[in-house]
Amino acid sequence: MPDSTPHPSPLELGSPDKTFLDSNELILNMGPQHPATHGVLRVILKLDGEKVLGVECVIGYLHRGVEKIGENRTYAMFNPYVDRMDYVAAVSNGLGYCETVEKLLQIEAPPRANYIRVILTELNRLASHMLWLGTHALDIGAMTPLFYTFRDREEILKIFEKYCGARLTTHAFRIGGCLYETYDGFEHDVKKFIDFVPPKIDEYEELLTSNRIWVERTKNVGNISAADCKALGVTGPVLRASGVKWDIRKALPYAAYPDFDFEIPVGANGDTYDRYLVRMQEMRQSLRIIRQAVEGLPEGPIMAKVPKVMKPPAGEVYHSIEAPKGELGYFIVSDGSTQPYRVRVRPPSFVNLQALDLMVRGQLVADVIAVIGTLDIVLGEVDR
Amino acid sequence: MVPITTLHYLVVAAALFMLGVIGVLTRRNVVIVLMSIELILNAVNLNLVAFSRLWGLHGQIFAIFVITDAAAEAAVGLGILIAFFRNKETVNIDEVDLLKW
Amino acid sequence: MLDYVTSYLSSNTTPGQAGNLVWALIYILIVFGGVSVAVMAMNWLERKALAHFQIRLGPMRVGPHGLLQPIADAIKLLTKEDIIPERADRLVFWIAPLIILCASFAVYVVIPFGPTHAITDLNIGILFMLGVSSLSVLGVVMAGWASNSHYPLIGSLRSSAQMISYEVAMGLAVVSAILMTSLNPSGTGTLSMIGIVEAQQQQQIWYLFKFFPLGFIAFAIFAIAMVAETNRAPFDLPEAESELTAGFHTEYSGLRWSLFMLGEYAAMIAVSSIAVTLWLGGWLRPFPNALTGATWDLAFSLFPGFLFLSLAAVAWVGVIRMPKHPYFRIQTLGLAGFGSVLGLIGLVLFVPPVRDRIQDIFWFTAKVAFFMYMYIWYRATFPRYRFDQLMRVGWKVLLPISLAVLIGTAVAGMVL
Amino acid sequence: MTPVATPFFFYFLAALTLLSAILVITRKNAVHSALALILGLLAQAGLYLMLYAPFVAGVQIILYAGGIMVLFLFVIMLVNLERSQKEEQFNRQKVAGTLAAIALGGLFVAVFIRGKALFPASSNQIAEGSNTQQVGELLYGQYMFAFEIASLLLLVAIIGAVVMAKKRI
């Protein structure tokens, strides 16, 4: 395996902004209020004309101390908080947390609950990818896909709303299973949805995949090699687009994923275009999983036997799931009381954002936008 | 009112020429000196076009050539200015006193 | 005095050529007022059409179907606080939008809406248009520099580089069309806008179809370059909001910002008018040589009236489909009134004297409107080019092709 | 076209030209100078129109105002002028230079007064309608060689400017 690129040295921001022509170095502050930084990310760009010499991310504008809050709440009380991290993929966050605590308590969710979890998380993956596609395309200048994806994402949110009453921060799962039984017509809705979406995905692809400008804007932009991805801990579609077949759903299966037959799309070049293709493929694979899950939805209880007061034995546990953006891991240390001693989240966006500097060095300003878009970061998760 | 004759235009051109010369001789900023040269060229053009009204179109042709020349002059002049500025960090014409640096 | 005013009517030229100042002034007022109204209409249309491309409704609240939205926007912009950045160069900051506005409006002096419906006909018409519209680069550069901020500076550098680069290809495409005017029996070409259309009339062909692929390629190059020239999608890098927030006018707000917008849309209409004049036969109606005769003339002259009547019909359908609820009463009445006015205009357009006079203007406007629609369509469909790609397209693709087309046209003109 | 209000337009445009020329050579900020120069160039294009030279006027607008001045503005933007604005704007020979230029102007005036008879009061009218065609014929006929030379000059200027403005020589 080729060695990874040594991590670039940080920017020297102390040097004064010399004249435009002479030093040719311009420090440009992008954000935190900027239309293309997906929230309140602040990126400091060091430019040579239009060429990027380096970037530095300043994060923390959305820091809410989620991990610290976890230390002062009981296990069940902390559950809604995790929804607020990656707010476009709240279901995945909840799943990760619930499964981690289940692992700590050594209980297993019943099969029906696991199937419902899989259906909802995969729907959530679709919603997250749709949102990503819309905003990414908007960053690159294509306005229309945004509205198409929002139209179709709405159908997913409707299912969420019917299921648990919330659209965005769903709090769909509980430790030990699900609180809510599926509503009447849930299966019908989901089946209708998975028949409805494939032509829509074709529609997005028609607008973008073979669009010359799109291809020119994304091919060979923000390349990152598999070795660099591994060295930086980059996961999710970004890693897979670099050609590494690593998906926790297959590698360390959780919930009901072993029961389903699906493929892990991988890219070859690790550029923005490959990441786009990988995510589009993932959307189709998600539909495949949902179809299998909804057709084989078993009967039975949806809640395991969970003690009223959760007091897990002292110890520590790490559990990770494949969130839409990559590996979402929870590390919980228990001291035997009702509250965790320490909660640590490994958010995919935060780790993936590290690769930004490496990916944009030597590229143009416009590519920074494309790369931020393609990393699919959510600042709620980066800053927690 | 007096009808406007060629002489009127020549007077305007002469005044313009004079202002251009003053600019070239007295200003220290190279960019403004170059602009003053443009003024001088413009004065010449005005003369040429005014004469072309008397003696055929040749003056206008020459004016077009002068404009072309002004474009070339401005490009080269500003190129030199940029090279100079990069080395000396000034646009002061008094400091252009080295043949090589 | 009255004689002076009416003396123009008997002459068969534009007021500028007839030397009739009063009529020229009236024309100026009509044209500039018309352009301002067209800009507002374009604003509304763009928002509505773009919204429907994107499965939205667009403005719906202000007036029936948002018809009064541009007016509401204008009032909002005029009453907004006018902010000048602390360390900006106030004078230059002031002048920049005015330069852009003047440059894009001055062009209308020579645009021929009909054989006599132009303010004046300059001997150097097309040169004047290209020259004056190239002045707007100055406004862009100055706006970016005066704002004293990084985003506008980069935006204006990009923008001016882009405008200058695409002017080259644009100019060469224009030259190849002008070359075609010299294929008259008289053998001399012309730069006059009216002369160009008349040459097409004499040669019995729109230059779009002349020497078939050549005229079309030149037109295509112009159509691409003009989008870049007006900084519109997919070449809207100077204003790429996802990269440079708003490019060279990031720091502008209120009235001055609206001047930029007014200038931009006026420039769009102006370059579309150049394209129409050079390649699409200006004010000539479709098929001037194939479908000749009094019957066809009559049939085509009824077009404007029918168009307005059908627009009125659309408005009335809207009236019928409006929800029957007291809340919508004013809107319904407004739309009904709008539809009635449209219908009335349509009826007036059937009256023979009006019909004959309005025809040229109608065809010209219809062709320009087609380009305006294309602008909206591009914006809804295409992602944005990157700066280096944009430059590559301009210099390495459009420029060689337009040179080849120019040479090809010259050769074809000599041989054929 | 019969010209209207010729004296008024002449004096107006001439005053504009000279005023902007004065502004060019006196402004501290080079951008303001450039702005004034643009105004002057446009006024001069108006003067060319009054002299029945529409083609030259068009070339003046498209080349000078739209081309060369953009180049100037670009360079002014690139070179940081804040320092030069604080410095003394005029050099040591300012008085001598102004006097010399005024002497030159006096020479002009003397020539004009002496040679007034040389210039006929009424000029022969040139047909404005075909000015462009005539200019074209002359340019590509009698002055063909000069035209080619001019294009070569521009090529040399392009190369020279690129070489000199390149980052690392």
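Me: How do α4(A) and α14(A) lie relative to each other, parallel or antiparallel?
Reply: They are roughly antiparallel (an angle over 145 degrees), because helix α4 (residues 111–140) and helix α14 (residues 365–375) of chain A pack at about 180 degrees. Their axes, lines fitted to C-alpha atoms over the stretch in contact, are 9 Å apart. This is a predicted model: local features need pLDDT of at least 70, side-chain atom pairs count only at pLDDT 80 or more, and totals for chains, interfaces and linings use all residues. Residues are numbered from 1 along each chain as its sequence is written, while chains are lettered from A and ligands numbered from 1 in the order written.

Me: Which residues meet there?
Reply: From α4(A) come A:Thr135, A:His136, A:Asp139 and A:Ile140. They meet A:Ile369, A:Ala370, A:Gly373 and A:Thr374 of α14(A). By class, this contact has three nonpolar, four polar and one charged residues.

Me: Now chain B: which helix of chain D does α1(B) pack with?
Reply: Helix α1 (residues 6–26) of chain B packs with helix α5 (residues 94–114) of chain D. The angle is about 165 degrees and the axes are 8 Å apart, so this pair is also roughly antiparallel.

Me: Who makes that contact?
Reply: Among them are B:Leu7, B:Met18 and B:Leu25 of α1(B), with D:Ala101, D:Phe108 and D:Phe112 of α5(D). The contact has 14 nonpolar, four polar and one charged residues.

Me: And how many residues of chain A touch chain C?
Reply: In chain A, 25 residues are in contact (C-beta atoms, placed from the backbone, within 7 Å) with 23 residues of chain C. The side of chain A has 16 nonpolar, four polar and five charged residues.

Methods. Axes fitted to C-alpha atoms, helices over the stretch in contact; angles between N-to-C directions. Helix = DSSP H or I, 4+ residues; strand = E, 2+ residues; numbered from the N terminus. Parallel < 35°, antiparallel > 145°, perpendicular 65-115°, else oblique. Contact = placed C-beta atoms within 7 Å. Nonpolar A, V, L, I, M, F, W, Y, C, P; charged D, E, K, R; others polar.
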